[in-house]
Amino acid sequence: MSNILTKAALPLAALVLGAGLAAAGTQLDPMGALAGRPAGSDPLDPMTAMRAKAEASDASAGNDEFGGLPDGAGAEETYYQCVACHSTEIIKQQRVSDHRWDELWTWMVEAQGMAEPDAGTKQTILTYLKQNFSSQR
Ligand code: HEC
């Protein structure tokens, strides 16, 4: 009885071990880091590259302290002025003209009740927005 069990168990164990190694085989991906893939991701998953790209651009494009806004003069002022009502995502996805930023500012003040900062801060923020989230440059 026990002999039969052993005979059956051995190939089974080999099978399980083999499957384990095969699974580990896809995990061991020495080119992953070079290709920008997160460790442990499946190189055969077509979404991996896209995700890695999104993560990489997130990391390079923004300062975590200011909601991922790119570093630069005005990033801090923009963050504190704008996140009172919504996240920075709505800002980061914009590519609009200088004129449109002026309009958006006015709309935020007049229609949304955004508090106007002093003129210098307003200038700093608008310059920052036009510089970083522009369709013109
Ligand atoms: C007083 C609240 C408030 C503040 C402060 C505020 N916003 Fe908004 N903002 C809103 C609301 C409300 C919307 C509309 C959100 C929606 O679509 O549901 C909006 C939408 C936007 C949009 C999207 C406009 C579109 O075309 O859909 C942008 C861009 C934007 N805000 C930028 C800013 C920036 C930049 C600042 C800082 C200078 C700012 N907001 C500060 C309330 C505010």
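1. At least two residues of the shell around the ligand come from each of helix 3 (75-82), helix 4 (89-92), helix 5 (98-110) and helix 6 (119-132). Helices here are DSSP runs of H or I with at least four residues, strands are runs of E with at least two, and both are numbered from the N terminus. Of the 15 residues around the ligand, the nearest are Cys82, Ala84, Cys85, Gln112 and Met114.

2. The model is a predicted one, in which local features need pLDDT of at least 70 and side-chain atom pairs count only at pLDDT 80 or more, while totals for chains, interfaces and linings use all residues. Residues are numbered from 1 along each chain as its sequence is written.

3. The chain has 6 helices and 0 strands. Of its 137 residues, 7% are buried. A residue is called buried if 20 or more other C-beta atoms lie within 10 Å of its own, exposed if 12 or fewer do, and partly exposed in between, with C-beta atoms placed from the backbone.

4. The largest nonpolar core has 5 residues: Leu69, Ala75, Ile125, Tyr128 and Leu129. Helix 6 gives the largest share of this core, 3 residues. Such a core is a set of buried Ala, Val, Leu, Ile, Met, Phe, Trp, Tyr and Cys residues joined through C-beta atoms within 7 Å.

5. Which residues of helix 6 are buried? They include Ile125, Tyr128 and Leu129. These residues lie on the same side of helix 6 because they cover an arc of only 95° around the axis, the arc being that of the directions from the helix axis to the C-beta atoms. Ala119 and Gly120, on the other side of helix 6, are exposed. Helix 3 and helix 5 are among the elements that cover the buried residues of helix 6.

6. Tyrosine 128 touches Gly72, Ala73, Gly74, Ala75 and Thr78, leaving aside residues up to four places away in sequence. Contact requires C-beta atoms, placed from the backbone, within 7 Å.

7. Proline 117 lies in the loop between helix 5 and helix 6. Proline 117 counts as partly exposed because it has 14 C-beta neighbours inside 10 Å. Its C-alpha atom is separated by 9.7 Å from that of glutamate 77, although proline 117 and glutamate 77 are 40 residues apart along the chain.

Notes: Near = placed C-beta within 6 Å. Contact = placed C-beta atoms within 7 Å.
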